[in-house]
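Have the model open while you read.

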Amino acid sequence: MQMVLYFALPVVGIVLGWTIRWLYARFQLSAAEQKAERVKQDAVKDAEAQKKEIILEAKDELIRERNQQERENRERRTELQRYESRVSKKEELLDKRSQELTAEFEQKEKEYAEREAAMTKKEVALATQEETYRRELERISGLTQQEAKNLIIQNLENDARHDAQALLNKIDQEAQLNAEKKARDILVTTIQRLATETTSDITVTTVSLPSDEMKGRIIGREGRNIRTLETLTGVDIIIDDTPEAVVISCFDPVRKEIAKESLERLVTDGRIHPARIEEIVQKVTREIQQKIYEEGEKALFDLGIHNMSQEGVRAIGRLYFRTSYGQNVLTHSKEVALLAGILASEIGANRELAKRAAVLHDIGKGAENDSDQNHAEVGAEMARKMGEDPKIINAIAAHHNDVEPQSIEAVLVQIADAISASRPGARRETVDNYIKRLENLEETAEKFTGVEKAYAIQAGRELRILVNNEKIRDSEVKDLAKQIAKQIETDLRYPGRIKLTMIRETRIIEYAR
């Protein structure tokens with residue numbers, strides 16, 4: 001029994017301790033729940049109190065805003081009432097002013113109507129009086145109103161015509177004087193500004209030899225060397241008694257230059273045989289062709305002319321080997337281009353077109369093919385094939401008056417060509433010979449019956465002949481021109497050809513002052 005109690009007492013103590021702890025925990029839980037309930041109730045009460053306060057504050061704010069809005073509305077209604085009052089007063093004033101203006105307008109309208117009626121009566125009276133005066137004037141003058149008008153108009157017209165004719169005569173005389181003076185000034189200024197040489201070297205056709213022994217080497221065995229050289233270059237080599245010199249003859253200046261240069265190199269080299277001749281001629285030909293192109297390019301560059309076709313550059317370069325009366329044709333063409341450009345600038349014409357036409361005007365002289373046409377016609381055809389402007393083609397064809405110039409630039413080319421080529425000293429011809437050649441032309445024409453006066457112009461390229469209209473009929477002028485041309489061909493020596501212009505007219509000049 002004691003053993004049982006010994007083991008039972010600790011167990012009971014443990015159970016009792018756990019029970020006491022459970023009861024204490026339960027008590028604490030109950031106390032915490034009660035405390036939480038009290039806190040919850042207090043929070044609910046506080047929230048309801050805050051809610052009531054917020055609601056009250058919102059009501060108060062709403063009441064204040066409503067009162068403020070009502071005050072503002074009352075003020076706006078008051079301001080609107082004042083504005084309506086002012087508008088009403090203005091409307092009353094406007095109605096009053098409108099009534100006053102209406103009354104004033106009616107009064108003015110009535111006055112104007114009375115004045116118009118009075119004016120109408122006066123017009124009727126004046127018309128009646130005017131008709132009376134008109135009838136009286138017609139009775140006194142013996143003319144109707146229309147006849148008097150026509151007479152006055154006719155007198156005025158006659159006076160106006162007389163005054164106009166006198167003014168035209170005065171203007172015409174002044175214009176002629178001013179035009180001549182202006183033309184002289186432009187030409188003199190242009191000539192003074194020109195700074196090119198007036199003469200150039202002649203292409204030499206004689207080749208100097210170190211000794212007469214060289215002539216035999218040039219001829220070669222059985223003449224094979226000279227035949228080869230003539231065949232390859234297309235020239236005639238004349239070996240005569242002239243000591244230490246041979247003469248090269250050819251109408252083509254380029255071929256003549258090739259033959260001259262080739263022969264000089266062969267003489268310097270000393271090896272003269274057909275194979276060497278062919279080699280030298282081919283080399284010189286290439287060099288000359290290159291020089292032709294380079295000279296053409298250089299001339300165009302100096303003149304500031306661009307966009308020229310290769311054929312045009314070569315045509316200009318070939319003029320480097322062409323001379324006319326000792327004047328190098330390329331130098332002459334450049335000089336004419338400069339003159340034409342200066343003249344065009346002076347009178348306001350197309351400067352570039354004038355320069356381009358001027359530098360091309362003599363390209364027919366360097367043509368490689370033979371033709372029975374003159375160099376102006378050949379040059380115009382070449383320019384047409386090169387695609388040049390029609391004005392340039394016309395200027396080339398017309399620079400010796402073979403065709404009619406169609407632009408001011410064509411006329412400028414004629415003038416520049418005459419300045420460059422026609423003045424004494426520009427070409428290798430003495431002043432005496434130049435004057436003598438022109439005098440012979442004029443004297444030859446003046447010998448014929450019916451010729452009053454002959455004038456050589458264009459450096460002797462044209463002869464203008466004035467025919468007596470009383471001695472020579474129109475049907476006889478053509479035959480007379482043929483006779484004069486035949487006589488000139490027989491008696492005189494001249495380059496190129498001469499154009500004869502026969503002038504037969506009756507000219508009457510009268511001035512009405």
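**Notes on the strand pairings**

1. Start with a pair of valines: Val 207 sits opposite Val 246 of strand β3. Keep in mind as you look that this is a predicted model.

2. That pair belongs to the contact between β1, residues 206–208, and β3, residues 245–249. The two strands are antiparallel, with three bridges between them.

3. Strand β3 has another partner in β2, which covers residues 236–238. Here too the pairing is antiparallel, and three bridges hold the place of contact. To find it on screen, look for Asp 236, which faces Ser 249 in β3.

4. Now move further along the chain. Which order do the strands take in the open sheet of three? Reading across, it goes β6-β7-β8, and the pairing is mixed. The edges are formed by β6 (451–457) and β8 (499–503), each of which pairs on one side only. On average, neighbouring strands in this sheet are turned by 20° against each other, if you ignore direction.

5. Look next at β7, residues 462–467, alongside β8. How many bridges join them? There are five, and the two strands run parallel. One spot to check is Leu 466, whose bridge partner in β8 is Ile 503.

6. While you have these strands in view, remember that side chains in a regular strand alternate between the two faces of the sheet.

7. Last, the helix. α14, made of residues 474–491, lies across β6, β7 and β8. Relative to β8, helix α14 runs at about 145°.

Methods. Residues numbered from 1 in each chain as written. Predicted model: local features only at pLDDT ≥ 70, side-chain atom pairs only at ≥ 80, totals over all residues. Heavy atoms only, no water. Pairing = 2+ DSSP bridges. Helix = DSSP H or I, 4+ residues; strand = E, 2+ residues; numbered from the N terminus. Axes fitted to C-alpha atoms, helices over the stretch in contact; angles between N-to-C directions. Contact = heavy atoms within 4.5 Å.
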